[in-house]
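The points are grouped by topic for a reader new to it.

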Amino acid sequence: MALYTADWTPLGKNVYYRKTELYSMQWVDQVNLSEFIVAAAPFGGPIALTQDRKKLQKVQFANKSNIYIFSASGQPLSTIKWNSGPLVHMGWSSSEDLICVLEDGNVLLYDIYGNLQMTTSMGQDVKDTGVLECRIFNSPKFYTGVAVLTGAFNIFLVNNIKDPRIRKLPSVPGLDAPPSSWAVVAEDRQTKVLVAKDATLYALLQNEGKCVQVFPKFNNPINAITEIAVSFNNQHVALFCDNGALWMGAANLEVCYLKKYCEFDTQSKVRPQQLVWCGNGAVVAFWQIEIENIMIVIGPEKDFINEIFYTPIHLVPEIDGVRIIGNTTHELLQKVPDAVADVFRIGSLSPSALLLEASNEFRRRSHKADEYIRMIREKNELEEAVECCLKAAGHEFQPSTQKMLLRAAAFGKNFVPDMDPEPFVKMCQTLRVLNAVRVNVIGLPITYTQLEFLTLPVLLDRLVLRRHYAYAICICQYLKIPDTEGASRILDHWACYKVKRTNLDPEQTARAIAEKLGCTPGISYAEISNKAMDYGHPSLAVKLLDYETRASEQVPLLIKLRQETQAMVKAIESGDTDLIYSVIRYLKTTLSKGDFHMKIRQFPVAHSLYLKLCKEQDLQQLRMSYSQESDFNSEGDCLVMESYQTKKIELRSSLLQEALNSYKKAKNEFAIQITEDQLKLMKYQSMFEEKFPQNFCDLSLHQTMKQLLTQREFKLADDLRKEFKVPDKRYWWLQITVLADGGDWLELEKFSRSKKSPIGYEPFVDVCVKHDNIYEAKKYLPKVKEENKVTYYVKARLLEDAAKIAFEKKDIAALNHIQSLCGVMDR
């Protein structure tokens, strides 16, 4: 096992740290880190370099310098030509956007290819006083924030740079010069800032809006806290003092007295070049002394490791270690994971170490393999040993070591029949993915711990961000990720990138994209088309929409692209009236009235729907449309409907007169007649309203005559009958009903004698029976037709008379019916 622990260095009891080389940097002989300001993203992210302005001034170069972006393996990705003003600070967001903070408070966000994504500002107060210092921090919810120290020594911060809400933090009492050091502690519910005013430490609480003094306990008096480092999980803090003491403790700012882990004397009063946490278990500091870079790793028990570098370095804190970027190499310093230590520690007798030995002996065909397995099985620790070997394999970088540990796990698994094989399969798949993305071409030196924290979808997003679409799709296919979550999403990004960069013929480009994407589930050609439009390729956007199968996505974009004809065709083909109406509304707002009507007539379906819409919402517009088409019948109908939407009789008469003229043009005799009759009736109704205190408007002819009869205006009702040629039968029925309802039986009898009834006398009996007036009914029963007499006598409940008539007629059926209606005593 000595071979595997050669690079291990102890830091306290049973705690080891190791340094693993990730890459030989591809920028060798091109980059000297001592001349650059370095900003590297965590989780194996990209590296941004810009020349140090102070050193540029020394060599009398221009103050303006470019920003160079490299992958973690030193492969150049892009260059940003800087002309945006003095740069105070730069760093990376959790989504790998480069954040550049300017002296005037402006904040610029670039992607890894140097494309400007967003511009925002820290506010007018910051602009007026200027930015002295800046801190970029990540919250536990994966938001990236920015905090700035202004020339007035106030601190402003934004918790989420993608949704900037500027907050001014409370001022530090008596602060009239830049603080000796400050740092941000990002928590779930609020962001706090630690500010050191010489030897006094304050916590600025965002939510409470107050400044609280906190008291870290030092062994010896200090004059100033010159550097503050907060751990990756924001749970621990390290303070470096002017006397060389390094204080380590908890970052719980809810209490005034901070919990202390240890205080270590570094033997150097000089402020370190960098002070960062290595994961959450140790602090790393380095000083540049002439040509040497001295790095110290300090543990919470005052244990330390010394190391000297003879080239410039830059430290990048990670969740499980520290990346050390140099001119020639890129290394990872991390605590040896517990599972790895259990397996490889010299003299280890842990179950996992014995299982590895058993596997190796088995490969040598030695009987010792059986002895080791028996030792583990006797303690019932075989399953634990398999799990430990799997975990250790995940934390290893060398494929040969991974294979050895996986073989040991597979060997031990054979002796545990009921063990779930899923963890073994999953670990094999995960290691294959990790090994694939760690290669120089991709340059993502992500660890197993980091992948667990980020999750696989984020890793795929980072591959897409680097435009390694084929790699990402291969990983999705290998892991059998559903297309909607994997391949489709990646192909969508590829297509959006292609339409952005294309200089080819739009039709060829659209066909190439369609051939690649096909009908893959989850792909939206409308989204790709929208991107093409945003990038200034409207012709390509139109061609891409031909491949979109959802009309609801097609039509709005075609409207946006001003392809009205094509939008209307697609809307009509879809059969969706809402889509057709949306195109109609767009045409109506963008075209003149004449052009609109000419355009809409080209589409009969749309024209019909437009007329229907006008009928419901705008009759005047509908009438104008019919007028342009010389459809006088429909124009007249519109005028009639419009006339009944007003209560003013004069206006209604005017509109009906116009309708009459339209019908005359259309030679519609029926419509002419009924319109003339209606105008005539309205004149009568106006006259009646002047004469009687009654409302006659909006009544029909029948209702008008009924109201006159109710008021005993028999002559006026009869005049109306004659004027409008109301049939006698209808008029007699109306007058009989009105007189009976009014209980005017004398007038009813008089009316019956006025002349022979055109409807017979049965209705007279009916209305009398209806009002239970049998006495009056008897007056009309003799005049009822012979064939109806029995029936009407029965209706009037005169059963005896009905029986006599039936007997005279010898109608046996009628007699039987009458008998059935009689009671027992009446028979």
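Arg-365 is exposed in this predicted model, because its relative accessibility of 80% lies over the 50% cut-off. Arg-365 is found in the loop between helix 4 and helix 5 (368-378). The points below begin with the backbone of this residue and then turn to other parts of the chain.

- Most residues other than glycine have a negative phi.
- Arg-365 has a positive phi, near 60°, although this residue is not a glycine.
- Asn-234 likewise is a residue other than glycine with a positive phi, near 60°.
- The loop that holds Asn-234 runs between strand 19 (225-230) and strand 20 (236-241).
- Asn-234 counts as buried because its relative accessible area is 9%, which is under the 20% cut-off.

**Glu-361 in helix 4**

- Helix 4 spans residues 351-363 and includes Glu-361.
- With a relative accessibility of 11%, Glu-361 is classed as buried.
- A polar contact of 2.8 Å links the side chain of Glu-361 to the side chain of Arg-364.
- When neighbours within four places in sequence are left aside, Glu-361 is in contact with Ser-366, Lys-368, Ala-369 and Tyr-372.

**Helix 27 and its surroundings**

- Helix 27 covers residues 728-741, a run of 14 residues.
- From its first C-alpha to its last, helix 27 reaches 20 Å, close to the 20 Å expected at 1.5 Å a residue.
- The buried residues of helix 27 are Tyr-731, Trp-732, Leu-734, Gln-735, Ile-736, Val-738, Leu-739 and Ala-740.
- The cover over these buried residues includes helix 25 (701-710), helix 26 (714-724), helix 28 (745-754) and helix 29 (762-770).

**A nonpolar patch on the surface**

- Ile-291, Ile-308 and Tyr-310 form a nonpolar patch on the surface.
- Together, the three residues of this patch have about 360 Å² of accessible area.
- Ile-308 is partly exposed, because its relative accessibility is 41%, between the 20% and 50% cut-offs.

Note on methods:
Residues are numbered from 1 along each chain as its sequence is written. This is a predicted model: local features need pLDDT of at least 70, side-chain atom pairs count only at pLDDT 80 or more; totals for chains, interfaces and linings use all residues. Side-chain values use heavy atoms; hydrogens and water are left out. Patches are made of residues with over 30% relative accessible area and no salt bridge: like charges are joined within 9 Å, nonpolar side chains (Val, Leu, Ile, Met, Phe, Trp, Tyr) within 5 Å. Accessible areas come from the Shrake-Rupley method with a 1.4 Å probe; for residues, only the protein chains shown count as cover. A salt bridge is a side-chain nitrogen of Lys or Arg within 4 Å of a carboxyl oxygen of Asp or Glu. Buried means under 20% relative accessible area, exposed over 50%, partly exposed in between (1.4 Å probe, protein chains only). Helices (H or I, at least four residues) and strands (E, at least two) are DSSP runs, numbered from the N terminus. A polar contact is a pair of N or O atoms within 3.5 Å; within protein, one must be able to donate a hydrogen and the other to accept it, and residues adjacent in sequence count only if both atoms are side-chain atoms. Contact means heavy atoms within 4.5 Å. The expected span of a helix is 1.5 Å times one less than its number of residues.
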